[in-house]
Amino acid sequence: MAGFLALVRYPLLKVLVTFSRLLIKLLTSQPSPRPDYLLQVPSRDKHRTIKVHVYKPNVEVAGSSKPAPVLINLYGSGLAIPLHGIDDDFCRFVTKATGYVVLDVNYCLAPEYPFPAALNDVEDTIQYVLNHPNEYQASQVSVSGFSSGGTLALAASALLPHGTFQSLIAFYPATNLSQDPSLRKAPAPGGKERSSFWTRIFRESYIREMDPRDPRISPAFADTSNFPANMLFVTGELDASAVEAEDLAERAKSEGHATGKEVIIRRMKGCGHAFDKKLTGEILVSARNEAYALAVNILNKGQGTST
Ligand SMILES: *[C@@H]1O[C@H](CO)[C@@H](O)[C@H](O)[C@H]1NC(C)=O
C-alpha cells in the first residue's frame, strides 16, 4: 500500500495542483505586469532559464550609469501557483522611490519542481547579480518576498553568508511548514479563513519526503546569524500565518541585538493574508501604502551601510 501511494502521489498532486491553477485562472484576474524588460538568468539546470522581470529606476534621476543597488523580489505562489507579475505595483513603487533596480524572479514551482528547486533559482539569480558588477552593486543587494516568497527570502537569508543581503523584507511569510495549517490561528478574529486543504496539497507538492523542519524549508528553525542588518516583517492581524512570522521576527530581533541588527515588526490592523493585493476599502489601501513606504525606508536606510 505504501509503495502504491508513493507511486500515485506525484500524479495525484499534479492533477490537484493543475485543477487549482485552472480555478484561480478562471476566478481571479491574472497579473498584467509592465516591467522595463525581461531577463533570462541561467539556471544550474542546464535545460532551463529563470525568467526575471526587471524594473529600472529613472536614469535621469539616478544621474549616471554606475552599478545600481538591487532588490530581488519573490512573489507569493504557495510554491505552486504561477502568479509571477502580481507584485508589479510594489516593484514599480520601489524602483521609483529608491533608485534600486528590482528583479522580480519567476522561480520554478512544485509539484513539477519540488524543494530545493525554487530556492536554487533564488540563489542562481543572486549569483547572476554578483557576476555582473558593472551593472549591479554587489555590496547593495536586498531581498523581499510575499507569503511563500517571503519564506524563500528568509530561507535564502539564513543560508547565504552574512553580508550577502543588506536588507530583508518579508510580507506575511509562512515560517513553519511543519505546523498543521488548520491549527494556526490569526491574532484577531473575523478574518476569512484560507483553505488548509489546499495549503496542505501545495506544501506536500513542494516538500515531498523532506523533513519540513529543515531550516531551508521552514526558516522558523534557522540560525538567524546570517540574517541581514536591516529587516522588516509585515503581518496582518486577520492572517493565520502572522504568529509564526512574528515569532521568527522576535527571535531575529533578540538574537541580532548584540550585533546591532535592526528588526521592524509591523502588524496591520484589519488586514488578512495578501492584504496589499485586495484593495477593497480604505483600511487595506492605507495599510498597503504604509507597508510599501516602510519597505522603501528600510531600503534607503540600508543603502550606505556596508557589513
Ligand atoms: C513549528 O510548529 C510545530 C508544530 O506546531 C511546533 O511543534 C514547533 O515548535 C514549531 N517550531 C518553531 C521553531 O516555531
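In which loop does S147 lie? S147 is found in the loop between β5 (136–146) and α5, where helices (H or I, at least four residues) and strands (E, at least two) are DSSP runs numbered from the N terminus.

This is a predicted model, in which local features need pLDDT of at least 70 and side-chain atom pairs count only at pLDDT 80 or more, while totals for chains, interfaces and linings use all residues. Residues are numbered from 1 along each chain as its sequence is written, and side-chain values use heavy atoms, with hydrogens and water left out.

View 1. Cis peptide bonds join A110 to P111, with omega about 5°, and F115 to P116, with omega near 5°. P111 is placed in the loop between β4 (101–106) and α4, and P116 is in the loop between β4 and α4. S147, a residue other than glycine, has a positive phi near 55°. Most residues other than glycine have a negative phi, and most peptide bonds are trans.

**View 2. Contact of α4 with α5.** In contact (heavy atoms within 4.5 Å), A118, L119, V122 and E123 of α4 meet L152, A155, A156 and L159 of α5. By class, this contact has seven nonpolar, no polar and one charged residues, with Ala, Val, Leu, Ile, Met, Phe, Trp, Tyr, Cys and Pro counted as nonpolar, Asp, Glu, Lys and Arg as charged, and the others, Gly among them, as polar.

**View 3. Surroundings of the ligand.** N176, S178, Q179, A220 and F221 surround the ligand, each having a heavy atom within 4 Å of it. By class, this shell has two nonpolar, three polar and no charged residues.
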